[in-house]
Amino acid sequence: MSLRPKFPFYLSSQDFGPETMPRSTRFSLNLLLSFSATLFFAGCEPAAPTVADNSVSTSDTAGSGKKMPVAAEATSTETPVSTTANTELQGRVEIDGSSTVFPISEATASEFYKKFPNVTVNVGVSGTGGGFKRFTKGETDVSDASRPIKGEEFDAANESGVSFVELPVAYDGLTIVVHKDNDWVDHLTVDEIKTIFNADTAAKSWSEVRDGWPNKPIQIFAPGTDSGTFDYFMEVVAGKKGSLRADMSTSEDDNVLVTGVSGSPSAIGFFGVAYYEENKDKLKAVPVINPETGDAVSPESSTIESGEYAPFSRPLFIYINAKSLSRPEVKRFATFYIQNAPKMAEKTGYVALPADIYKMGLKNVRSRKTGTHYVNADGEKREGPVTEVFQATNLNTGK
């Protein structure tokens with residue numbers, strides 16, 4: 001598995017020096033050879049690539065009464081769909097946000113390109129917070145997020161007239177890593193993690209963390225402050241009123257963090273599990289002591305899905321601009337994304353969500369059910385397992 005896109009337009013940290021590395025990493029999936037095709041219906045939606053379509057009247061069409069094809073769930077009796085590339089659908093889909101979700105969106109865009117080569121999909125990486133800043137202004141169609149939208153971001157979207165469909169797409173295990181040759185860190189407790197990362201403790205050497213560990217300086221590589229991974233880690237480790245140490249080397253690009261930790265024998269860092277899986281030949285994942293059971297648990301598919309890898313298991317999201325869904329290429333991409341999310345999650349090193357979550361997400365896309373399940377009516381964050389929070393009764397439309 002490689003997290004780097006296989007298209008020539010992708011530029012990564014390996015293509016730039018540290019001072020010239022762009023904040024936003026993009027790749028474009030562009031058709032290089034055009035096919036002659038007669039468009040029978042301007043703007044109509046093509047056949048779904050994986051399941052049959054049902055044409056139904058929807059209220060999405062501004063009262064036009066136009067029939068909009070929508071994807072139905074796969075059944076054992078559905079008619080097989082041709083895998084031939086569809087060149088009638090054209091347009092552009094703009095995505096930005098989380099570097100953690102990027103591998104899933106990149107893999108999905110690559111597969112979508114094979115089906116719909118006349119649709120350009122641009123995927124940016126400006127971090128969850130940076131992605132939401134653009135998304136809430138209506139600048140992007142899709143926002144990748146490694147945490148749910150915050151109350152203030154939800155308010156900003158409402159003020160800008162941006163409504164959205166919220167879609168959980170995978171489980172991730174925020175993974176703490178050290179150099180491959182580190183032979184003293186066998187596991188970490190949450191308190192030891194706090195000793196290393198919190199601003200009020202900020203251990204300078206490993207000997208300050210646990211008796212018997214070497215007097216070697218700790219070098220820290222962490223996601224940037226616009227990252228949802230940074231937000232999630234800080235909330236778990238420092239709490240709502242605390243802060244993380246200021247002397248960390250940070251980057252919104254997780255590949256830069258991988259390079260930092262793998263090149264520094266006494267370093268430590270954290271990012272999504274997919275980046276560890278991609279680089280496990282030169283990094284070591286640190287088991288974390290589950291605060292409730294006292295067991296040292298490694299970030300693996302089974303422990304992330306079960307919640308045993310606590311407190312660092314979390315869901316990942318995409319947010320779809322509801323207005324953008326009126327464009328056939330965006331609606332088709334959103335449908336394709338949620339239908340293929342289980343496969344893409346596992347392909348890129350993450351963990352698929354329960355089938356009911358994807359089923360509800362697909363229905364929400366088709367009906368354009370907008371709002372967030374993670375901010376309550378009082379503007380406060382709603383917490384809990386995704387299977388409990390992502391329920392229709394928790395939906396806050398902001399109206």
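Analyst: On the H9 side, Lys331, Ala334, Thr335, Ile338, Gln339, Ala341 and Pro342 make the contacts. Their counterparts in H10 are Tyr358, Gly361, Leu362, Val365 and Arg366. This is a predicted model. Helix H10 covers residues 355-367. The two axes lie 10 Å apart, at an angle of about 175°. An angle over 145 degrees counts as roughly antiparallel, so H9 is roughly antiparallel to H10.

Which geometry do Phe333 and Tyr337 adopt? Their pair is edge-to-face. The ring centres are 5.8 Å apart, with 85° between the planes. Edge-to-face requires planes over 60 degrees apart. Why are the two separated by about one helical turn? Phe333 and Tyr337 are four residues apart in H9, residues 328-347, and therefore about one helical turn apart. Both side chains belong to buried residues: Phe333 is buried, and Tyr337 is too.

The whole structure holds 18 aromatic pairs. One of them joins Phe112 to Phe116. That pair is tilted, with 40° between the planes and 4.8 Å centre to centre. Phe112 and Phe116 are both buried.

Some aromatic residues gather in a cluster. Phe132, Phe135, Phe154, Phe164, Phe317, Tyr319 and Tyr374 make up one aromatic cluster. Strand S15 spans residues 313-321, and the cluster includes Phe317 and Tyr319. Strand S7 spans residues 164-173, and Phe164 is also a cluster member.

How much of S15 is buried? Eight of its nine residues are, so the strand is mostly covered under the cut-off of 20% relative accessible area. S15 pairs with S7 in the antiparallel sense, over nine bridges. Within that pairing, Val165 has Ile320 as its bridge partner. S15 also pairs with S6, residues 142-145. Here four bridges join the strands, again antiparallel. Asp144 is bridged to Ile318 of S15. In a regular strand, side chains alternate between the two faces of the sheet.

Which ring does the charged end of Arg314 sit over? It sits over the ring of Tyr232, 5.6 Å from the ring centre.

Technical notes: Residues are numbered from 1 along each chain as its sequence is written. This is a predicted model: local features need pLDDT of at least 70, side-chain atom pairs count only at pLDDT 80 or more; totals for chains, interfaces and linings use all residues. Side-chain values use heavy atoms; hydrogens and water are left out. Rings of Phe, Tyr and Trp (its six-membered ring) pair if their centres lie within 6.5 Å; planes under 30 degrees apart count as stacked, over 60 as edge-to-face and the rest as tilted. Buried means under 20% relative accessible area, exposed over 50%, partly exposed in between (1.4 Å probe, protein chains only). A charge sits over a ring if NZ of Lys or CZ of Arg is within 6 Å of the ring centre and within 35 degrees of the ring normal. Two strands pair if DSSP finds at least two bridges between them. Axes are lines fitted to C-alpha atoms, for helices over the stretch in contact, and angles run from 0 to 180 degrees between N-to-C directions. Angles under 35 degrees count as roughly parallel, over 145 as roughly antiparallel, 65 to 115 as roughly perpendicular and the rest as oblique. Contact means heavy atoms within 4.5 Å.
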